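Reader: I have the sequence and the model open, and I would like to go through the details with you. Could you take my questions one by one?

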Amino acid sequence: MLDVRHITKKYGKVTACDDVSFRLEPGSVTVLLGPNGAGKSTLLKSVAGFLKYQGSITVGGFPNKSVEARRLLGYIPEMPSLYPNLTVSEHMEFLARAYRLTDYAGRVDELFRRFELEDKRRKFGDELSKGMQQKLSICLGLLPEPKLILLDEPMIGLDPHAIKELKLIIEELRAQGRTMLVSTHIIDSVDMLWDRTVIMDGGRVRANVTRGELEKDGRTLEQLFFEVTEGTAPEGGEA
Ligand code: ADP
């Protein structure tokens, strides 16, 4: 569903992504894990088609910047970018028109209900708290029902209800056969159903394992994380 090959992205002298390659199977949840500055956001923005980089990225076999790939792809950024002069409902309508969606009203209602935005429908983008903006941004990303969904640090700024709802939605989307790539620097936030983890540090992929491989190895995600990012397992960690 996603094929990332030899991606290198530099900002001036900083190499944010350094020869990154991995593939994601359809219907899987992959956690992109790494400390701050590891290159996760840069990688997701590259996949979403917003940056120039060296290497190639295909989505469902199509180059990621093609019209075909864009139809398959949904991107939920770390920093929501909303229109200050559009209301919550107008944002959804605007997106639905851009994607030429039909019969979407029921889905909008359901997303608003799940993310507790029903009573915020008439609020303008710049009247929303950071958490509400994040929730609207998630609703906007999910409305077109993309096959591949990129979520950049999606839990940050969300209240516990929204985190629970988002985790449930990720499980539901997975059951529907959708593919998700979820970035985070907080290991504890990924206790949800994940199938693969790609760990980045210093712009490079340091580990790429399935949950099954890790379990077979008898290691926890935390142990693997510290081993590959610091060369040690945390003290007191079981082998
Ligand atoms: P992460 O999402 O893992 O925290 P980022 O992809 O945001 O990592 O950043 C990777 C590296 O690239 C960091 O060193 C960061 O300072 C740098 N970087 C990110 N965006 C920019 C930018 N727009 N201009 C210059 N440097 C950037």
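Reader: Strand β1 and β4 pair in which sense, and over how many bridges?

Author: Happy to start there, with a word on the ground rules. This is a predicted model, in which local features need pLDDT of at least 70, side-chain atom pairs count only at pLDDT 80 or more, and totals for chains, interfaces and linings use all residues. Residues are numbered from 1 along each chain as its sequence is written, and side-chain values use heavy atoms, with hydrogens and water left out. Helices (H or I, at least four residues) and strands (E, at least two) are DSSP runs numbered from the N terminus, and two strands pair if DSSP finds at least two bridges between them. Strand β1 covers residues 2-11, and its pairing with β4 is antiparallel, over five bridges.

Reader: Which residue takes a positive phi in the hairpin of β4 and β5?

Author: β4 and β5 pair in the antiparallel sense over two bridges, and Val-59 has Phe-62 of β5 as its bridge partner. Two residues sit between the strands of this hairpin. The one with a positive phi, near 55°, is Gly-60.

Reader: And Gly-61: is this residue buried or exposed?

Author: Gly-61 lies in the loop between β4 (54-59) and β5 (62-63). Gly-61 and Asp-3 are 58 residues apart in sequence, yet their C-alpha atoms are 7.9 Å apart in space. Buried means under 20% relative accessible area, exposed over 50% and partly exposed in between (1.4 Å probe, protein chains only). Because its relative accessibility is 61%, Gly-61 counts as exposed.

Reader: With which residue does Asp-3 form a salt bridge?

Author: A salt bridge here is a side-chain nitrogen of Lys or Arg within 4 Å of a carboxyl oxygen of Asp or Glu. The closest N and O atoms of the pair are 2.9 Å apart, and the partner is Arg-5.

Reader: How many residues apart in sequence are the parts that Arg-204 and Asp-18 tie together?

Author: Arg-204 and Asp-18 form a salt bridge whose closest N and O atoms are 3.3 Å apart. Arg-204 lies in strand β10 (residues 204-210) and Asp-18 in strand β2 (residues 14-24), so the pair ties together parts that are 186 residues apart in sequence.

Reader: Which residues are linked in a network of salt bridges?

Author: One link to look at is Glu-165 with Arg-114, where the closest N and O atoms are 2.7 Å apart. Glu-165 lies in helix α6 (residues 160-175) and Arg-114 in helix α4 (residues 105-114), so the pair ties together parts that are 51 residues apart in sequence. Both Glu-165 and Arg-114 are buried. The network consists of Glu-110, Arg-114, Glu-165 and Glu-172.

Reader: Which element gives the most to the lining of the largest pocket?

Author: A pocket is an open set of points on a 1 Å grid over the protein atoms alone, where a 1.4 Å probe fits, with protein on both sides within 12 Å along at least five of seven lines; lining residues have an atom within 4 Å of a point. The largest pocket is lined by 25 residues, with Tyr-75, Leu-95, Tyr-99, Leu-140 and Pro-144 nearest its centre. Two or more lining residues come from each of α2 (67-72), β6 (73-76), α3 (88-98) and α5 (130-142). The element that gives the most, with four residues, is α3.

Reader: How many helices and strands does the protein chain have?

Author: Of the 239 residues of the protein chain, 49% count as buried. The C-alpha atoms fill a box of roughly 50 × 40 × 35 Å along the principal axes. The secondary structure comes to eight helices and 10 strands.
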